[in-house]
Amino acid sequence: MPHRPAPTPRSRFRRMRSSPARRAMVRENRLSPADFIWPVFVQEGTDTETPVASMPGVARLSIDRLVTAAREAAALGIPAICLFPHVEQALKTEDCADAWSADNLVNRAIRAIKSQLPDLTVMTDVALDPYNVNGHDGFVVDGRIVNDETVAALVRMAVAQAEAGADIIGPSDMMDGRIGAIRDALEAAGHGDVAIMSYSAKYASAFYGPFRDAVGAAGALTGDKNTYQMDPANSDEALRLVMRDLDEGADMVMVKPGMPYLDIARRVKSELGVPTFAYQVSGEYAMLAGAAERGWLDGDKVMLESLLAFRRAGCDGILTYFAPAAARLLAG
Ligand code: PBG
């Protein structure tokens, strides 16, 4: 329990706010580039990039440009990046076979980064949506998203990413049982050191809209993801999912989206005390960057304030498209 303050004037909270030095002395939370994981979109091609219209300042990068950007991120003190592929339309199929192809875009990108920047941590996304003609994270059979068949495919996908050199596997699909299945398969394939960050509390959110544009899944998606992603009304369920995924072998857990769900991050950290991450998703980025572009908000200030809020809520780290810009600001 916080100490009950004496009545004013014995207590005057403004005393410790009266100068930058005093404020620094009693500051409870700080932001550092080490807190960031940078999500990056990768596309085919050489020396090319494509701006994402709904995410001002974000572009999909060809692998060579991705390596350059990753080098800059590492130099800024960002420890990890997370890769998301823009899969060519011709490779999107019902059986999603490109998802576990050893030479798919993501796996080539992992190899390129790890060969040049072995110390940078590379995280991947495990879900079928970029590879699926109908934009869903799982196989669709007779209009339903099937669980166990999807898990078997996710396992193949995760192992292929580990073989390519991924350090952290990030299952974002919300199928039941995938963490345990992936953990067992990684162990069996000799990848005991590859970690899992589970998107445990991933909500069925409209804040993912710009992301689906970025990876070219928006047009493809038929229906919604409500049968596998969480109901935004729920909170206790998030804790049960986190506990379930930890029991199955998750090393870290994530809450997603971020800012509208900080209460969930705080509950996970306070009640379970586990490595807790949050994803400041594409729609959150679009709100802040879009308003800043119009001069309606101070972009730099809202960026840092929004990121600090995750630390205050108990997050150990934040996936954020602002990572390089924020790291640059923090470096002064
Ligand atoms: C795919 C995936 C999504 C995001 C990360 N992985 C979209 C979705 O679930 O539809 C969203 C990220 C963002 O909005 O920034 N499974």
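Author: Start with Ser172. An N or O atom in the Ser172 side chain lies 2.9 Å from a nitrogen atom of the ligand. Keep in mind that the model is predicted. Asp137 also faces a ligand nitrogen atom. Here the distance to an N or O atom of the Asp137 side chain is 2.8 Å. Now the cover. Alone, the ligand would expose 400 Å². The protein buries 100% of that area.

Next, the space itself. The ligand sits in the largest cavity. Around the ligand there are 17 residues. Those that come nearest are Lys202, Lys225, Lys256, Ser282 and Tyr321. What is the make-up of the shell, by nonpolar, polar and charged residues? Seven are nonpolar and seven are charged. Three are polar.

One further check concerns the cysteines. A disulfide is a covalent bond between the sulfur atoms of two cysteines. How many disulfides does the count give? The count is zero. The cut-off for a sulfur pair is 2.5 Å. Take Cys82. The closest cysteine sulfur to that of Cys82 belongs to Cys315, at 16 Å, so the two are too far apart for a bond. Cys82 is also buried, because its relative accessible area is 0%. Then take Cys96. Its closest cysteine sulfur is in Cys82, 19 Å away, so a bond is ruled out by distance here too. Cys96 likewise counts as buried, with 0% relative accessibility.

Methods:
Residues numbered from 1 in each chain as written. Predicted model: local features only at pLDDT ≥ 70, side-chain atom pairs only at ≥ 80, totals over all residues. Heavy atoms only, no water. Near = heavy atom within 4 Å. Polar contact = N/O pair within 3.5 Å; in protein donor to acceptor, adjacent residues only side chain to side chain. Areas by Shrake-Rupley, 256 points an atom, 1.4 Å probe, with all protein chains shown as cover. 1 Å grid on protein atoms, 1.4 Å probe; cavity = no way out; pocket = protein on both sides within 12 Å on 5 of 7 lines; lining within 4 Å. Sits in = over half its atoms within 2 Å of the grid points. Nonpolar A, V, L, I, M, F, W, Y, C, P; charged D, E, K, R; others polar. Buried < 20%, exposed > 50% of the residue type's maximum accessible area, 1.4 Å probe, protein only.
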